[in-house]
Amino acid sequence: MEAPESVNRPPSSNNGAKGSRRQLYVIGGVASFMFMLFVMLPQQYAWMTNEMEVHQPVNHNLTHHHEIIETVPVTIVCQLSGEMGNNLGKLGRCLSLKWWLESGAFYNSTNKLGYSARVALRHQQSNKWVRGAQDLQRCFPNTNQFDFSEANNNEFADIWKMQHQLLGGDERVGANPPFHEINSDDKEEIVSGLNSFVSEASKHHAMVYNAASKRNVSLPFLFSAQFQNLPLEDRFHEEIRQFFRFNESSCCKVMADPDENVFHYRNFKKEMPKRWNSYGFHEADPQQAADLFGHLKEGDKIAIVTRFGGETAQPYVDAFETRGLKVRVVDGQDGPADFCFLLSAQKEIAGLWQSTYLTWAGYLGNATRVIAYAMATSSHKIETYNCTGPGLKDKFDFRTIH
């Protein structure tokens, strides 16, 4: 399997590949040409489609099938959103899809094709993306290889329209893309979407040049807009941990003590007073939070990490102290520093399951147990999954608080 550090390196030159290195430039009339080329005139112009396909020599590090004769380069466009934690979730899913395609699981036995995938990023329209990208690149050095604006230009919008003409879906960028099953939380639906994609790629494949970003985009391409889920994380847990190596020197302020448990009190109600309820971000009250750690003994240590301290955190302090626990509050930090504190915990961490900081600290950190809870009053119910891989097996404890 390709090393995660080289996830987006440009394709190497290939003198022995079938066809020439012609590239399509996104100019007026190209969309119509592509539609005619692939849909209306497949037989008459079959020789032209073959000529435009750009294949690489087989790399057996990417597949378990030694009979592969061609490796097809494909693109996964990754729609980001929110702050560092959300970007982690979106990018983690895209990388997992990349590694799955390259693993040989979707080997095309008819045409003996394998796949080499590249992730191309597209940021959200709100300026919030700037801080999210900066934090991600500062805290996870391997993400510096990406151009966070690669798919934010009119040329990509034209490429989207080309795919729309070929395969249907919505003409608006990001809306109802082909192979949308890859955005499901259901593992079988994801498999179905990837199978549909490789089937289409084996029939019609071209590399379209985006002059604005100066990168090629495959046609067809995948468009992923959802967060990482446990089935994908369980399958590619070691690859994820290797790629998302955390830069403690740049992003940490305070670390958890080795014998300290951690409760993450995000306080969504204060952070987003107009939206927390409709989003279903209901958090445990002080007594319910203390009950999550009801198994701890008198004198055990617990830290409450929260963006908002003072009066909002004090009831939680009181509830934990009533149980005889030694409590401290870590507050007033920025998001990456809070994430670092969760990541550094070596005992148990607990928090709202919708928090990407909590789940990703569980994925990447060394906590012995992650208690991920949801409130029964929330409109979003907790999604559970029994991980089988050695890195996550029995690590997550999912609970619904009534």
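**Sheet, hairpin and a buried loop residue**

Six strands make up an open sheet with parallel pairing, in the order 9-8-7-10-11-12. Its edges are strand 9 (326-330) and strand 12 (396-401), each of which pairs on one side only. On average, neighbouring strands of this sheet are turned by 20° against each other, direction ignored. The model is predicted.

**Strands 7 and 10**
- Strand 7 (residues 260-264) and strand 10 (residues 348-352) run parallel and are joined by two bridges.
- Val-262 has Ile-349 in strand 10 as its bridge partner.

**Hairpin of strands 4 and 5**
- Strand 4 (residues 206-210) pairs with strand 5 (residues 215-219) in the antiparallel sense, over five bridges.
- The bridge partner of Asn-210 in strand 5 is Arg-215.
- Four residues lie between strand 4 and strand 5 in this hairpin, and Lys-214 in the turn has a positive phi of about 60°.

**Ala-367**
- Ala-367 sits in the loop between helix 14 (356-364) and strand 11 (369-375).
- Ala-367 counts as buried because its relative accessibility is 7%, and buried means under 20%.
- Leaving out residues up to four places away in sequence, Ala-367 touches Ala-345, Gln-346, Lys-347, Ile-349 and Lys-395.
- One of these contacts, Gln-346, is 21 residues from Ala-367 in sequence, while their C-alpha atoms are 4.3 Å apart in space.
- Ile-349, another residue that Ala-367 touches, is the bridge partner of Val-262.

Technical notes:
Residues are numbered from 1 along each chain as its sequence is written. This is a predicted model: local features need pLDDT of at least 70, side-chain atom pairs count only at pLDDT 80 or more; totals for chains, interfaces and linings use all residues. Side-chain values use heavy atoms; hydrogens and water are left out. Buried means under 20% relative accessible area, exposed over 50%, partly exposed in between (1.4 Å probe, protein chains only). Contact means heavy atoms within 4.5 Å. Two strands pair if DSSP finds at least two bridges between them. Axes are lines fitted to C-alpha atoms, for helices over the stretch in contact, and angles run from 0 to 180 degrees between N-to-C directions.
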